[in-house]
Amino acid sequence: MELGLNTYQQHEQIDCEKTLGRISLNSADMYKVMHLDGHESNAIPKKRTEQFLVGDWVTLDPQIDFDLINERLPRYSTLNRITGEEYRAEQKCAASNIDQLFICISLNKNLADSRINRYLYALKKDDEYQTSVVLTKSDLTSDSSKIAVQLAAKLQVPVFCTSSVTSEGIEKLRSSILPGQTVSFYGNSGVGKSSLINVVAQKEVMATSDISAKTDKGRHTTTSSRLIPIENGNFVLIDTPGVKSIGVGANDLAQVFPEIAELAKNCRFNDCRHLDEPDCAVKEAVQNGTLAQKTYDQFLALQKESELTQGYLDKKLAKKINQKAEFKKQTINYHRYRKPPM
């Protein structure tokens, strides 16, 4: 299997004369790399401080019992998320060079529009990869197909209604993955992600665990991102750990609330935030019932949170840059120091 190399070459030009590989595991900065012939080996970066993501294409210098990573090739997409709150907010990268992201949402008692909106706002990147919503455990409700149709119309993204028990929607989901693509399934612990992947891959590639009958939540069965070639389907899977929560930073809210984006075209001000501005078409739509109050409230909550979180991230970055500059200044002064003559 070519590990998605043909798809990668549609985005980036590479020197095929070099020995190529793809980062398949990153656990506590211990790397494994997968070769084009399918075998996997331990890998050590030539520059020990360089960081890699699962999915990165790299050039290698094979040694006797490991591979030396010479350089990382350009990424055409990156999957990342924000963890923590306020000054604890931190942006973490999970995978690179993916073509499709499937956001998994369980049709159990924890189903909520606000959770779907949050995931789309945090993870959707139309210029890097395609994003779809996968509703899992459709066997738990008789309204699953109706819910899927309503969400697809509202969110304007593909929505798949699936069940690992009855196999509903599995073939439709599988056929949406093109040969040579790299895909990732993302979602909260306990949504049935691992079971879904096994059914789509038509083999047992992921460990699964039962969910709690009391909380309707599951345990993490994946502890670190992992690259897995799926031969039956000719695609590459990057499995990522389940998450308990996800933060939101700077992103385009229009891609999650297209109805608000359409209404905003009629606001008096182009930079209207739909709060206290005069002649706001969005607020008028809420008042006359054209736009649901619940949708408007979710929009404002995400807008406020994203602004605060991005502010925290910007301050942390500025502090880090200042610390580096101060350290560099101190280093220069130290080297310029001359002991006074006796």
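Leu140 counts as exposed, at 52% relative accessibility, because the cut-off for exposed is over 50%. In this predicted model, Leu140 sits in the loop between S9 and H3. Leaving out residues up to four places away in sequence, Leu140 touches Leu107 and Asn108. Asn108 is 32 residues from Leu140 along the chain, yet the C-alpha atoms of the two are separated by 6.6 Å.

**Either side of the loop**

Thr131 belongs to strand S9, which spans residues 130-136. Is Thr131 buried or exposed? Its relative accessible area is 3%, so Thr131 is buried. Apart from neighbours within four places in sequence, Thr131 is in contact with Leu101, Ile103, Leu120, Leu123, Lys124, Lys125, Val157 and Pro158.

Ser144 is part of helix H3. With 4% relative accessibility, Ser144 counts as buried. The residues it touches, not counting those up to four places away in sequence, are Leu107, Ser138, Cys161 and Glu168.

**Helices H2 and H3**

Two packed helices are described by the angle between their axes and the distance between the axes. Helix H2 covers residues 113-123 and helix H3 covers residues 144-155; they pack at an angle of about 45°, and their axes are 13 Å apart. H2 and H3 are therefore oblique to each other. Their crossing is right-handed.

Which residues of H2 and H3 meet? From H2 come Asp113, Ile116, Asn117 and Leu120, and from H3 come Leu151, Lys154 and Leu155. By type, the residues in this contact are four nonpolar, one polar and two charged.

In soluble globular proteins, nonpolar side chains tend to be buried together. The largest nonpolar core here has 53 residues, and the members that touch the most others are Leu79, Leu101, Leu123, Val133 and Leu135. H2 gives the most to this core, with six residues.

**Two residues with positive phi**

Most residues other than glycine have a negative phi. Ser167 is not a glycine, but its phi is positive, at about 70°. Ser167 lies in the loop between strand S10 (159-161) and helix H4 (170-175). His274, another residue other than glycine, also has a positive phi, near 65°. The loop that holds His274 runs between helix H6 (258-264) and helix H7 (281-287).

How exposed or buried are these residues? The table lists them together with the others described above.

| Residue | Relative accessible area | Class |
|---|---|---|
| Thr131 | 3% | buried |
| Ser144 | 4% | buried |
| His274 | 5% | buried |
| Ser167 | 43% | partly exposed |
| Leu140 | 52% | exposed |

**The chain as a whole**

The chain has eight helices and 13 strands. Of its 342 residues, 45% count as buried. How many of the contacts between residues at least 6 apart in sequence join residues at least 24 apart? The share is 64%.

Terms used
Residues numbered from 1 in each chain as written. Predicted model: local features only at pLDDT ≥ 70, side-chain atom pairs only at ≥ 80, totals over all residues. Heavy atoms only, no water. Axes fitted to C-alpha atoms, helices over the stretch in contact; angles between N-to-C directions. Helix = DSSP H or I, 4+ residues; strand = E, 2+ residues; numbered from the N terminus. Parallel < 35°, antiparallel > 145°, perpendicular 65-115°, else oblique. Left-handed = near helix turned anticlockwise from the far one by under 90°. Contact = heavy atoms within 4.5 Å. Nonpolar A, V, L, I, M, F, W, Y, C, P; charged D, E, K, R; others polar. Core = buried A, V, L, I, M, F, W, Y, C linked by side-chain atoms within 4.5 Å. Buried < 20%, exposed > 50% of the residue type's maximum accessible area, 1.4 Å probe, protein only.
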